[in-house]
Each structure stands twice: as structure tokens, then as C-alpha cells.
Amino acid sequence: MNSHFKFFQKFIAAPYLLALLGLLLPMFNISCAEQVIAEPTFYELANGLDLETALKEPAAGYVQKLSESNPKALDRYREVIPTFPKLQEFHFLYGVVGALVLASIFAWLAQFGYYASLGSLLMGILSMVAMWAFLGQVAKICNQIGMNVLAVEPATGIYCASFLILIGTAMNLASIIRPILTEYKAKKAAKK
């Protein structure tokens with residue numbers, strides 16, 4: 001194998017590690033009547049989000065008035081979110097972080113044998129699917145509490161992380177396919 005390809009293999013882990021930084025950006029936007037009222041990051045969601053402090057106006061004022069003037073009205077929300085106005089901790093999201101770390105470790109090990117690239121590829125894709133599935137669950141929760149005016153849309157964090165994971169996936173595929181093609185060309189040249 002040539003030195004350029006070995007140099008390329010050393011950097012396959014980088015997109016997965018950078019995806020961890022992308023998760024510091026807002027994961028999704030929650031908007032009400034075209035106005036963004038919350039932009040939680042991945043790590044805020046994993047540690048439990050306090051809606052009284054995370055919501056922007058006018059939603060924050062609405063929740064505060066509701067809890068002061070009519071605490072019984074919050075029971076409707078507590079049927080779906082038992083700790084409302086605080087969201088429970090979503091510790092399973094740290095599994096996505098773990099998958100990205102494993103993807104980068106396997107990608108780094110791929111320079112010693114391309115089978116580790118398969119593990120990296122799998123961990124990267126699973127982490128991306130888990131993030132988008134969680135986004136779908138948040139939209140479902142908003143519908144379950146009867147707030148049809150709320151819209152949940154992906155934000156820069158999930159797009160950034162997904163884009164970097166796709167770059168890592170492409171780099172992994174290249175590191176898997178390149179040795180196979182090189183071996184095929186060598187066999188073909190040997191037959192001539």
C-alpha cells in the first residue's frame with residue numbers, strides 16, 4: 001500500500017470525533033406559531049432539561065403563569081412527561097456518544113486491518129439512526145401532550161453531526177474498497 005493511503009487511514013477517525021463537537025450545537029428547534037421557543041443541545045437533553053429555564057418567551061411566561069395560577073392544569077402534561085416542567089434525563093443518548101467514540105477507535109484500528117472499518121461503519125450509522133429516531137420521538141411527545149401548534153424541526157447540531165458521520169462513512173468505505181481493488185488489479189496483472 002502506498003504512503004498516501006496510509007496517511008488517509010490515519011484521519012478516518014476525525015469525522016466521528018468532530019461529530020461529538022457538533023452535538024454541542026442545538027439538536028432541534030421547537031417552535032410555536034413560527035417562533036422558536038427552545039433550542040436544546042444533545043447534552044442538555046441527555047442530562048435532563050428544565051423547561052422553565054430553557055424555554056424562550058412567550059412560552060416560558062406561559063408555563064410559569066400556568067404553574068402559579070392553575071397547577072392542576074399541569075397534570076395533563078404530566079400524564080406524558082411525569083416530571084413536567086422538567087424533562088427526565090435521557091441517559092440512553094450517551095449511547096450515541098459511546099457509539100461515536102467506538103466508531104473513531106475502530107476507524108483508527110482500520111490502518112492495521114480493514115475489518116475494523118466495518119465496525120466503525122456500523123457504529124457510525126447506528127449513532128446517526130439513533131439521533132434521528134430520538135428526534136422523531138420528541139415530535140411524537142409534543143403531539144401526545146396535545147400541543148398541535150408545536151413544531152419540532154432538526155437544527156444545526158443534528159445536521160452537523162450527521163454530515164460528519166456521513167463523511168466518516170465515506171472514508172471507511174474507501175478504506176474497505178481500496179485494498180480489495182488493489183488486490184483485484186494485482187491478480188489481474190499476474191494473469192497477463
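This is a predicted model: local features need pLDDT of at least 70, side-chain atom pairs count only at pLDDT 80 or more; totals for chains, interfaces and linings use all residues.
A pair of aromatic rings is described by the distance of the centres and the angle of the planes. By the pairing rule applied here, five aromatic pairs are counted in the model. One of them joins F42 and Y43, whose ring centres lie 5.5 Å apart. The planes of F42 and Y43 make an angle of 85°, and this pair is classed as edge-to-face because the angle is over 60 degrees. The two partners are assigned to separate classes of accessibility: F42 is buried, with a relative accessible area of 0%, whereas Y43 is partly exposed at 21%.

An edge-to-face arrangement is also found for F90 and F92, with 5.9 Å from centre to centre and 80° between the planes. Within this pair, F90 has a relative accessible area of 10% and is therefore buried. F92, by contrast, reaches 52% relative accessibility, so that this residue counts as exposed. F90 and F92 belong, together with F134, to one aromatic cluster.

Attention now turns to the strand residue. N29 lies in strand β1, which covers residues 28–32. The relative accessibility of N29 is 15%, and this residue is accordingly classed as buried, because the class requires a value under 20%.

Note on methods: Residues are numbered from 1 along each chain as its sequence is written. Side-chain values use heavy atoms; hydrogens and water are left out. Rings of Phe, Tyr and Trp (its six-membered ring) pair if their centres lie within 6.5 Å; planes under 30 degrees apart count as stacked, over 60 as edge-to-face and the rest as tilted. Buried means under 20% relative accessible area, exposed over 50%, partly exposed in between (1.4 Å probe, protein chains only). Helices (H or I, at least four residues) and strands (E, at least two) are DSSP runs, numbered from the N terminus.
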